[in-house]
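Hello,

Here is the structure I promised to pass on to you. Please open it and keep it beside you while you read my notes.

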Amino acid sequence: MARDTTPPISAEQRLERHQARWESLKSEGSTWLPHWRELSEQVRPRGSRFLTSETNRGHKVNGKIINGTPGWAARTLAAGMMSGITSPSRPWYRLTTPQPQLAELDAVKAWLRTVEDRIREALQKSNLYDCMHQVYSDLGVPGTAVLIIEEDDEPGTVRGYNLPIGSYYLGISDRGVVDTIYRTLRMTVGQAAQKFGLKALCQERQQQHKDGKLDLPIDVLHAIYPNPAHRPGALGPEGKAWLSDWWEAGKREGFLRESGYHEFPAMAPRWHVTAGDAYGFSPAMDALGDCKALQLLEKRKAQVVDKVVDPPMKAPTSMMNRVTSLAPGDINFVDPANAGASFSPAIEVPPAAVKVVEESIREHEARIKTAFYADLWLMLQQADGQMTAREVIERREEKLLQLGTVLERLQDELLDPLIDRIFAILLRAGQIPKPPQELQGQDLRVEYISIMAQAQKLLGTTALERLTNFVGQLSAVQKDALDKLDTDQVIDEYASALGVPPVVVRTDDAVETIRKGRAQAVQQQQALEQAQAMAGAAKDAAAADTSGDNALTTMLRGLGAPT
């Protein structure tokens, strides 16, 4: 990032720039609002915040939902991704190095395991797993999610904050990566005083706080953006790679808080994204037509059932001013003099029509569930902790292939930044031990070992299995075929794909030591057997009769020995 050498500007000028940037990002992002609103109405009514006044409002918002299948499918997706990608009940990541030989050293293994445990403990102590479930829900419906991770009050602890869709707008870098967030949120006077301190509030808010009007709402804006004057290692704001500014909407009396971050604190994953777009698109967008049709069919079904159970009636004009009833057991009198006149249904809808509508409803429900991968996620939830990645592949290989790009994007935009952020916070808090000498100046790499990650990796182990089977069969015909296969490396690659802990597989050095010891033991055994054989032969030769003419005396004479 190039350093900005322009002279500093006043707080008022910065507020004006922030307001201009906010309006610019809002103008661009608001083109998505109609689509997001429709998704919210059809699938997840309480998952959005298009107006700050919607905060903490309990009014009915699901008036357009009759059949709850879309919402159920979205919840299944979120729960399935939670259990299949970042399950709190089983390991889903591990640390390693880009150099396999380095990762096999005992000191390196021990240090990496310690760091993994520290990060895992930080995750468990925080609210991040709750936040992750909300992230997956946002990915499934609007297609974009934002999670901000802040350092909590206690050193080395973290806390996550989900931003509902409609409350923020994003900016992306030239690489297409989200690096700017402008958001708006509603706080009370009391909350603002707790977060920023009473003195940071304007005079009007300080007086309201003094008067006990703590629940008066105020709208606050927050901007996180790259620091153009960043100098790594510098003290103060210049040493922060990202700046963070808070101010009250409509006020020009300065900032509520000015701070910064060493690393971008927000994870902003997208389900799918088109190049150049700041926002993603989602399974709910693909299923929106089916969602709307499903609600319409439910209305039609109710109308058909009404016509079957309580049909519109026709009656002769002679009954116009007479009381009629459709209650069971009641009698309606009809004049028989009027031939053909009767009190009967005007439209006779066959009961089979209900089944026709129900079948159409089931078809739409099935398509919605398919769009949200409901069968795959339900399988993972039901078998969490029991089903292996191999079983997942065998049952849902085609869906795993479809989700490949999504999982890759999640690792790049959510999981990698999440681990990096927590690691950096723990490192600054002094909770990461000093690495061994072998790791000094080396990079670390995160490997994901959740069920979904392993299943994706195992899709590539099929080639290894086919190769080893082929070589095994070929070696029966040509024994030296095995010389072509590096079996040690095959084991390492397969263990990595299975997500086996590194401590289970011996290092190359340890294997070499074992093999040398075994070879030495074999050599010693052979030498012992040879010595015993020679000793036995010498004993037999000493006891042999050399007085007569036999094979032994003939041999000795040939060697020139006396007999």
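Below is what was found in it.

This is a predicted model, so local features need pLDDT of at least 70 and side-chain atom pairs count only at pLDDT 80 or more, while totals for chains, interfaces and linings use all residues. Residues are numbered from 1 along each chain as its sequence is written, and side-chain values use heavy atoms, leaving out hydrogens and water.

Let's start with the salt bridges (a side-chain nitrogen of Lys or Arg within 4 Å of a carboxyl oxygen of Asp or Glu). The whole structure has 22 of them. In one, lysine 64 pairs with glutamate 41, with the closest N and O atoms 3.1 Å apart. Lysine 64 sits in the loop between helix H2 (33–42) and helix H3 (69–85), and glutamate 41 is in helix H2, 23 residues apart. Helices here are DSSP runs (H or I, at least four residues), numbered from the N terminus.

Next, look at Phenylalanine 470 in helix H15 (residues 461–475). Together, Leu467, Phe470 and Leu474 make a nonpolar surface patch of about 270 Å². Patch residues have over 30% relative accessible area and no salt bridge, with nonpolar side chains (Val, Leu, Ile, Met, Phe, Trp, Tyr) joined within 5 Å; accessible areas come from the Shrake-Rupley method with a 1.4 Å probe, and for residues only the protein chains shown count as cover.

Happy exploring!

Technical notes. Patches are made of residues with over 30% relative accessible area and no salt bridge: like charges are joined within 9 Å, nonpolar side chains (Val, Leu, Ile, Met, Phe, Trp, Tyr) within 5 Å. Helices (H or I, at least four residues) and strands (E, at least two) are DSSP runs, numbered from the N terminus.
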